[in-house]
Amino acid sequence: MSCLHPAEVAFARDKVVPIGVLAQRGAELGLAMGRPTAEYLSTRIPNHQFTLIPLSFDELFPAVENGVVDFVLTNPAIYVEMEYLYGLNRLATLRSLRQGEELTEFAGVIFCRRDRDDIHDLDDLRGKSFMAVDRESFGGFMMAWRELEQRGISPLRDFDSLEMGGTQDAVVQAVAEGRVDAGTVRTDTLEQMAAEGKIDLNMFRVLNLQQQEVPFVYTLSPDGAGVQGTRTGSAGERAPGGLGRQQEVNLKNTKAFPFLRSTRLYPEWPLATQPYVTEELVRKVALALLEMRTDDAAGIAGGSTVWALPHNYQRVHEALKELRVGPYSDFGEITLGGIFEQYWHLLSLALLVSVLGASISVHLIRLNRCLRESTAELESARRDLERRVMERTAELQSANSRLTLEVAERKQAQRALASEHAFLQTIIDGVVNPVMVIGLDHRIMLMNEAAREHVPRSLGCSDSLFCHQVSHLSDSPCGGEDHLCPLDEVRKTGNSATLIHRHFRPYGEVRIVELEASPLRDQSGQLLGIIETSRDITERLLMESVLRDKETQLRYLEHHDPLTDLPNRAMMREHLRLAVARSRRSGGSMALLFLNLDRLKKINDSFGYATGDLVLREVAKRLKSCIRESDVLARVGGDEFVLFLDGIDAPKEAAWVAQKILDAVAKEVEVEGHRLVVTASVGISMYPADAQGKEGLSKCANAAMTRAKEFGKNCYRFYTPDMNGCTRDMLLLEESLRCAMTNDELEIYYQPQVDLATGRLIGMEALLRWNHPERGMVSPGDFIPLAEETGLIVPMGEWILDTACRQNRLWQEMSSTALRVAVNISARQFRGEDLVATVSRALERSGLEPQHLELEITESMVMDDVEQAIRTLEELNRLGVHLAIDDFGTGYSSLSYLKRFPINRLKIDRSFVRDVVESSNDAAIATSVMALAHSMNLQVVAEGIETKAQLEWLRERGCETGQGFYLGRPLPAGQFATLLMNSPTGSPVLSGDRV
């Protein structure tokens, strides 16, 4: 007799998991809609193959009852009955979506052909022919029956004919072809058939639409994409059961349609599981379904569906009770007429039996008289027999008493033995680790619960198991040096033994266990077997191995850069210390080279840090190829490398290595389809000529590297004593910059922005200037990068924003001019978390309307983190401020991203405008930028217009706005106010010779 559980039967099917689905529209459509879900589960749950079995109403219940399917997908009503009959459990529920929203109700539609002028509502169905799928179909017939009964219409009494059978599609086709007057199907069937091109919804009229406060007329859109609703009439014009006889209802696959009906059910189809399916598989299936996206192939095949947790089915139970179907089919009101109508044939049979019984009774009376006479004779014989039986019974009772005493004594002994065995089993079952008592023939005499869990299913529930079958799935005992037999070891020594074995678990899993075998002896000391206790040490061994690997890795990472696999700063310092000590002892010389990559930041900003990391790896490989094995190369920062050359006899040798490095680095790097170019700036210091210690050498090399950058980059420079003075000047400039804001040394200049078509002033750009008390006007190219590097740009940016907004608001009050002021946003500001709040505060404090403020952001800022940039720009756009992309054309913008940015203007970089008249390449770029902007309904601003020829060229090609020295230089606030006030209209026009 098999001991396999039904769940193990499912396992024996090679992990094939059948899913039964109610194919209400036929097996072919059921397979088409459900197969992607089965394939999705097979992909998500390894080692399981999910198959789909479409079932009709008549096939569904036998399939569940006989265990043909492990899971079943059906409607709520059938699920409620199956839950009652078979103990099914819900895992998840399938809900329909319409235009991205869940349907909250779902039931039956009663409909007819639209050209039937004699049928407009439910009352007109009397005397008509009617068709449904099946009497047992809850949503497809029973709910419609319920609604008709509530309207006083009996399908059995008032219909001319009631036809049952076929699929949902068959009912629709029968109504469409005029074979029946009306029919009912589940909501969504009409829409699905229309979407599949099988029917035209305009030919049908729905009779059980819900009441509306104001009736609607639905008209099919020309493209067939949906319907538009138009209010007509008044609330008093409603007709019972529909929208009225004079109104036309054209229905299409529309969001509104499924909600317009009078019956209500949940839209979901629950996925239920048989009780024997394993909890682990149930959990995996539920989790996979709940994580399914609506854009997954399975969701799309299901008609835009979503898997969610099931609803409370209280309303379904109430409807089933009212209809007396499903688990409530045995309850209902009992009436005399109902009993007669249902059991008239039984009552007729009972009457016939009564007549026959009367005849038989007369005959029995006669027979009874004869029987009494015979009874007297039998009574005498009975008393004689009874006497003899009593005598024999006494003899048997005496013998039985002796046998009962013997049986009681034997049962008592058996109970005592069973009690001892149960007590012993309870004790060992409480042990966490597996315990087995093994006889001398390797047969398992006893095992605890923990050991029983490891018995392979293929061995069944046999009581004759051997230890090597359970632990190694082998037909022979353990042997060999690596798998000594515990029983043999105990036999040899007579003492306990500890061994390490590999045990095989079900599904092919291998575990490392530590075995402790103790001898089992009888009262005379004779060896009966062993008591084997095992402890799984797989995880412990694995953890010890991982810890050893991590220790090795950590020791390596302490001294190496994980990206380039080069020594890091700490290891470089140690090598440098040892090299200086060696050179000091030997009297030799050495060179220290500081390398800084010139264009890595631009690559990171344009293509992302992942691309920058690939470039760094390639540069590291090239640097390694330029040096000797005795030289030490280290990466000490994001784009900084250090190289020291031991045993250098003259500076020219260091110069030769530096030039070799510059040539190697400057070659194109091909990364992810991009051909990129980076260069390096190299600073060189010599020992002992420039410094005697490692710190001094490092400072000198760093100062020389800074000088190389100042000389145009992509070059090397040796350290000279005057370089420390330049470094000192930069530190002093930083210190002065920190005091500039508090000392009112910063000032904003305003450069005009002009409408190129009319020459009118339409805005201005706010530009920061620094009037140093000793140095005079400091170039923005000197202090803006320094402010970015030190972080001072953030408070400066907020001050510029506040000042520009207040100044623009003041000019608006002084004149009738309402211009837009443009303010540049730094990279640090844009990436900060409070930019939107900062802009909002500036507008609120100044009283400036948001449309009179424009924020300029460079391409490199928005391309660093595109998704975050889009969120920030959308928040700024909701404030109402204008947004412009500055220096457009220099930051490798992607058109696909540019279309997603909520911007208003593009500013062509001055590098393209400068040679636009002479250079065909620059002219082509500028023309392309303007065409791109205009195609996206964006305005174009050209920067750096310095000649009339440039102005005419841009104007002819439709550039709307420009700025530059030719149109107006940046002016302090006072001078710009004079420019505004000199215009009597409040919109100044620049001199005619310039426009």
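**View 1. Arg622 sits in helix α19 (residues 609–625).** This is a predicted model: local features need pLDDT of at least 70, side-chain atom pairs count only at pLDDT 80 or more, and totals for chains, interfaces and linings use all residues. Residues are numbered from 1 along each chain as its sequence is written, and side-chain values use heavy atoms, with hydrogens and water left out. Helices (H or I, at least four residues) and strands (E, at least two) are DSSP runs, numbered from the N terminus. Is Arg622 buried or exposed? Arg622 has a relative accessible area of 13%, so it is buried. Buried means under 20% relative accessible area, exposed over 50%, and partly exposed in between (1.4 Å probe, protein chains only). The side chain of Arg622 reaches two backbone oxygens: that of Lys667 at 2.8 Å and that of Glu668 at 2.9 Å. Leaving out residues up to four places away in sequence, Arg622 touches Ala664, Val665, Lys667, Glu668 and Val669. Contact here means heavy atoms within 4.5 Å.

**View 2. Helix α20 covers residues 651–665.** Helix α20 has 15 residues. From first C-alpha to last it reaches 21 Å, close to the 21 Å expected at 1.5 Å a residue. That expected span is 1.5 Å times one less than the number of residues. Which residues of α20 are buried? They are Ala654, Ala655, Val657, Ala658, Ile661, Leu662, Ala664 and Val665. These buried residues pack against α19 and the strands β20 (590–597), β22 (640–646), β25 (680–687) and β26 (716–718).

**View 3. Thr564 lies in the loop between α16 (538–557) and α17 (569–586).** Thr564 counts as buried, at 6% relative accessibility. Its side chain makes a polar contact of 2.6 Å with the side chain of Asp561. A polar contact is a pair of N or O atoms within 3.5 Å; within protein, one must be able to donate a hydrogen and the other to accept it, and residues adjacent in sequence count only if both atoms are side-chain atoms. Not counting residues up to four places away in sequence, Thr564 touches Leu616, Ala620, Lys624 and Arg635.

**View 4. Strand β31 (residues 853–858) is largely enclosed by the rest of the structure.** Why? Six of its six residues are buried. In a regular strand the side chains alternate between the two faces of the sheet. Both faces of β31 are covered: Leu853, Leu855 and Ile857 are buried on one side, and Glu854, Glu856 and Thr858 on the other. Strand β30 (residues 820–824) runs parallel to β31, joined by four bridges. Val821 has Leu853 of β31 as its bridge partner. Strand β32 (residues 882–888) also pairs with β31 in the parallel sense, over five bridges. There, Glu854 has His882 of β32 as its bridge partner. Two strands pair if DSSP finds at least two bridges between them.

**View 5. Five strands form an open sheet in the order β8-β7-β9-β6-β10.** The pairing is mixed. Strands β8 (161–164) and β10 (204–206) stand at the edges, each with a single partner strand, so one side of each is left without a neighbour in the sheet. Neighbouring strands are turned by 30° against each other on average, direction ignored. Two bridges join the parallel strands β7 (residues 129–132) and β9 (residues 182–186). Phe130 has Ala182 of β9 as its bridge partner. Helix α5 (residues 138–150) packs on the sheet, touching β6 (108–113), β7, β8 and β9. Its direction makes about 120° with that of β9. Axes are lines fitted to C-alpha atoms, for helices over the stretch in contact, and angles run from 0 to 180 degrees between N-to-C directions.
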